[in-house]
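Thank you all for coming. Please have the sequence and the model open while I talk, and I will go through a few residues and then the chain as a whole.

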Amino acid sequence: QVQLVESGGGLVQPGGSLRLSCRASGGIFSIRTMGWYRQAPGKQRELVATITRGRTTSYQDSVKGRFTISRDNIEKMVYLQMNSLKPEDTAVYYCSIPGTAYWGRGTQVTVSS
């Protein structure tokens, strides 16, 4: 059974930075593609970024150049470094294994002055 726990969210001013962390337990973490998703109020959940076991990354167009996804296979951690944050980045951010039912509970990110 895989468990995913996010942390690192909070309130930040526009232009600021946050680093989200996701700790995985159980399962074979190192062979899995991992992803960060987000859901803003009144909107559908959307994929933000993914990283394969070989560390190939992909990003939603709106975050390219601002967000960086990374992973530590030994510590079973996935990170999302978010820079130049905008109010439209406000959402609950979730860690997940794409294509599976494994999701964390999410961490709130609020970008506001």
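Predicted model: local features only at pLDDT ≥ 70, side-chain atom pairs only at ≥ 80, totals over all residues.

Tyr-102 is partly exposed, with a relative accessible area of 24%, where buried means under 20% relative accessible area, exposed means over 50%, and partly exposed lies in between, with a 1.4 Å probe and protein chains only. Residues are numbered from 1 along each chain as its sequence is written, and side-chain values use heavy atoms, with hydrogens and water left out.

To place Tyr-102, look in the loop between S9 and strand S10 (107-111); strands here are DSSP runs of E with at least two residues, helices are runs of H or I with at least four, and both are numbered from the N terminus. Which residues does Tyr-102 contact, leaving aside its neighbours within four places in sequence? They are Gln-1, Val-2, Leu-4, Arg-32, Cys-95, Ser-96 and Ile-97, where contact means heavy atoms within 4.5 Å. Arg-71, by comparison, is 31 residues away along the chain, and its C-alpha atom is separated from that of Tyr-102 by 17 Å.

The bond joins Cys-22 to Cys-95, with an S to S distance of 2.1 Å. It links distant parts of the chain, since Cys-22 sits in strand S3 (residues 18-25) and Cys-95 in strand S9 (residues 91-96), 73 residues apart. Is this pair buried or exposed? Both Cys-22 and Cys-95 are buried. The torsion about the S-S bond of Cys-22 and Cys-95 is about -75°, so the disulfide is left-handed.

Let me turn to some other loops. Ser-30 lies in the loop between S3 and strand S4 (34-39), and it is partly exposed at a relative accessible area of 32%. Apart from neighbours within four places in sequence, Ser-30 is in contact with Arg-53, Arg-71 and Asn-73, whereas the C-alpha atoms of Ser-30 and Asn-83, 53 residues apart along the chain, are separated by 26 Å.

Arg-55, in the loop between strand S5 (46-51) and strand S6 (57-59), has phi near 70°, and at 44% relative accessibility it counts as partly exposed. Ser-84, in the loop between strand S8 (77-82) and S9, has phi near 50°, and at 40% relative accessibility Ser-84 is also partly exposed.

Finally, the whole chain. How many helices and strands does it have? There are zero helices and ten strands. With 113 residues, a compact globule would have a radius of gyration near 13 Å, and the protein chain has 13 Å, which agrees; the radius is taken over C-alpha atoms, and the globule rule is 2.2 Å times the number of residues to the power 0.38. The C-alpha atoms fill a box of roughly 40 × 25 × 20 Å along the principal axes, and buried residues make up 40% of the 113 residues. Among contacts with a separation of 6 or more, residues 24 or more positions apart account for 53%.

Definitions and conventions: Disulfide = S-S within 2.5 Å.
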